[in-house]
Amino acid sequence: MSKAEEVQGGGVLINCPGCGMYHALNVDPKNGRPCWEFNNDYDKPTFKPSLLVRWPINDEAKSKGVCHSFITDGNIQFLSDCTHDKAGMTLPLNEVD
Ligand SMILES: [Zn+2]
């Protein structure tokens, strides 16, 4: 089991313990921006810079979800602007299936 999974086309998936879902990060500069620096360690992944995910969380999209984190050595540090209940915490990444 690992904490990151390569996907076709230069992306890497991580399983976010704050959102309970996968986030995809582009790690191939050929795909354009945003592009993250990846340490190529699928057991203890590190990405730079921080990951910011936003999405509508209801049909009207009046309120937005935010997941903002630093991923270092397989741990994910959630910043205080996250809208999920793990804001401000640092947790190990969930394993990817
Ligand atoms: Zn997340």
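The structure is a predicted model, in which local features need pLDDT of at least 70, side-chain atom pairs count only at pLDDT 80 or more, and totals for chains, interfaces and linings use all residues. Residues are numbered from 1 along each chain as its sequence is written. The protein chain has eight strands and zero helices.

**Overall fold**

- From the N terminus on, the elements run β-β-β-β-β-β-β-β; helices (H or I, at least four residues) and strands (E, at least two) are DSSP runs, numbered from the N terminus.
- The protein chain is as compact as a globular protein of 97 residues, because its radius of gyration of 13 Å is close to the 13 Å that the globule rule gives for that length.
- That radius is taken over C-alpha atoms, and the globule rule is 2.2 Å times the number of residues to the power 0.38.
- The C-alpha trace spans about 35 × 30 × 25 Å along its principal axes.
- Among contacts between residues at least 6 apart in sequence, 36% join residues at least 24 apart; two residues are in contact if their C-beta atoms, placed from the backbone, lie within 7 Å.

**The sheet**

- Five strands form an open sheet in the order β4-β5-β6-β7-β8, with antiparallel pairing; two strands pair if DSSP finds at least two bridges between them.
- β4 (37-38) and β8 stand at the edges with a single partner strand each, so one side of each is left without a neighbour in the sheet.
- β6 and β7 run antiparallel and are joined by four bridges.
- Ile-71 has Ile-76 in β7 as its bridge partner.

- Not counting residues up to four places away in sequence, Phe-47 touches Leu-25, Trp-36, Glu-37, Phe-38 and Ile-71.

**Met-89**

- Met-89 lies in the loop between β7 and β8 (90-92).
- Met-89 counts as partly exposed because it has 13 C-beta neighbours inside 10 Å.
- The C-alpha atoms of Met-89 and Ser-69 are separated by 9.8 Å, with the two residues 20 apart along the chain.

Methods. Buried ≥ 20, exposed ≤ 12 C-beta atoms within 10 Å, placed from the backbone.
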